[in-house]
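Welcome! Here is a friendly walk through a structure that may be new to you. Take a look at it first, and then we will go through it piece by piece.

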Amino acid sequence: MDAAGHPRRRALLTGGFAVAAAALAGCAKSTPKAGTPADLKVKAKATTAPPDERPTTAKAALARLMEGNKRWVDGNLHHPDRDPDRRQLVAQTQEPYGVVLSCIDSRVPPELLFDTGLGDLYVLRTGAQAVGPVVTGSVEYGPMTSGTPLIVVLGHQRCGAVEASYKAMRDGATLPGNLQAIADALRPAYDQAVRLDGSDPVDTMTRAQIRLTANDLRSNKDLGPLVKKGSLAVVGAYYSLDTGRVEILGGAPS
Ligand SMILES: [Zn+2]
């Protein structure tokens, strides 16, 4: 248990998850404090947060991200944990405190707009943050294998992928090549936007896509039990290109 009474995240590993973690260790080894070389801890500078200072709850993880977003909005970036010491510290092990699923849009890089460092986040980016089995499995990796406490589904203002999908479905057209797979994944959000009939249907569809995706992840058979017992939160959030601000749409831990 840590000082706040929360179980160490490693303790959340159970047999099946541990096997999965071991199988995937080559690409995403998640071993917490016990595996951190003491000499590297000593060498870490003030800009590199020691593992014990890293968020262990969804509430603390979201607070950390929103603090970083405020710095981004204010133009007061700290660029934490991006030095060679940090690189060494996490070279053998990692323990990200959050998962961010966002759009591929070049203006929405999670590490920048949350002002995070190396080893802080698992980041997945697809057009309009659309999901399918591979993406969902990747989102689940951290929470299921090492107790990552927070998932953020991050959509954004003026999303080109949503707009193209909206227009294609509205006009009964098909997008070229594999782009149509994105439109297919966004069909439920399109249907909801049509029902809501807002003044800006693309923005309405974007917000629907965020909420629907977060809801699906929050209640699926793998993540639902973690949410139910309070060890995981799945937050839907919207990023403004104009202001740089992240707006929480739902799912924030209490
Ligand atoms: Zn986008």
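Contact here means that heavy atoms lie within 4.5 Å. With that in mind, Ala237 touches Val152, Val153, Leu154, Gly155, Ile210, Val246, Glu247, Ile248 and Leu249, leaving aside residues up to four places away in sequence. Please keep in mind that this is a predicted model.

## The overall picture

The protein chain is built from 12 helices and 5 strands. Of its 254 residues, 48% are buried. Among the contacts in the chain with a separation of 6 or more, 71% are between residues 24 or more positions apart.

Buried means under 20% relative accessible area, and Ala237 counts as buried because its relative accessibility is 1%. In sequence, 81 residues separate Ala237 from His156, while in space the two are 8.3 Å apart, C-alpha to C-alpha.

## The zinc ion and its surroundings

Which residues coordinate the zinc ion? They are Cys103 through SG, His156 through NE2 and Cys159 through SG, at 2.0 to 2.3 Å. Along the sequence, these donor residues follow the spacing C-x52-H-x2-C.

Both His156 and Cys159 are buried. Cys159 belongs to the loop between S3 and H8, and its relative accessible area of 1% is why it counts as buried. Beyond residues up to four places away in sequence, Cys159 touches Cys103, Ala128, Val202 and Thr206.

Asp105 touches Arg125 and His156, not counting residues up to four places away in sequence. Is Asp105 buried or exposed? Asp105 counts as buried, because its relative accessibility is 11%.

Most residues other than glycine have a negative phi. Against that background, two residues of this model are worth a look.

Asp81 has a phi near 55°, a positive value in a residue that is not glycine. Its place is the loop between helix H4 (58–74) and helix H5 (84–89). Asp81 is buried, with a relative accessible area of 3%.

Arg158 also has a positive phi, of about 50°, although it is not a glycine. Arg158 lies in the loop that runs between strand S3 (150–156) and H8. Its relative accessible area is 48%, so Arg158 is partly exposed.

Two packed helices are described by the angle between their axes and the distance between the axes.

| Helix pair | Angle between axes | Distance between axes |
|---|---|---|
| H8 (residues 160–171) and H11 (residues 201–219) | about 110° | 9 Å |
| H10 (residues 187–196) and H11 | roughly 130° | within 8 Å |

H8 and H11 pack at an angle of about 110°, which makes H8 roughly perpendicular to H11. The crossing of this pair is right-handed. On the H8 side, the contact is made by Val162, Glu163, Ser165, Tyr166 and Met169, and on the H11 side by Pro201, Val202, Met205 and Thr206. Sorted by class, the residues of the contact of H8 with H11 are 6 nonpolar, 2 polar and 1 charged.

The axes of H10 and H11 cross at roughly 130°, and these two helices are therefore oblique to each other. The crossing of H10 and H11 is right-handed. H10 contributes Pro188, Ala189, Tyr190, Gln192, Ala193 and Leu196 to the contact, and H11 contributes Pro201, Thr204, Met205, Ala208, Gln209 and Leu212. The contact of H10 with H11 has 9 nonpolar and 3 polar residues, with no charged ones.

Conventions:
Residues are numbered from 1 along each chain as its sequence is written. This is a predicted model: local features need pLDDT of at least 70, side-chain atom pairs count only at pLDDT 80 or more; totals for chains, interfaces and linings use all residues. Side-chain values use heavy atoms; hydrogens and water are left out. Axes are lines fitted to C-alpha atoms, for helices over the stretch in contact, and angles run from 0 to 180 degrees between N-to-C directions. Helices (H or I, at least four residues) and strands (E, at least two) are DSSP runs, numbered from the N terminus. Angles under 35 degrees count as roughly parallel, over 145 as roughly antiparallel, 65 to 115 as roughly perpendicular and the rest as oblique. A crossing is left-handed if the near helix is turned anticlockwise from the far one by less than a right angle, and right-handed if clockwise. Ala, Val, Leu, Ile, Met, Phe, Trp, Tyr, Cys and Pro count as nonpolar, Asp, Glu, Lys and Arg as charged, and the others, Gly among them, as polar. Donors are N, O and S atoms within 2.8 Å of the metal (3.2 Å for Na, K and Ca); water is not among the atoms, so sites may look incomplete. Buried means under 20% relative accessible area, exposed over 50%, partly exposed in between (1.4 Å probe, protein chains only).
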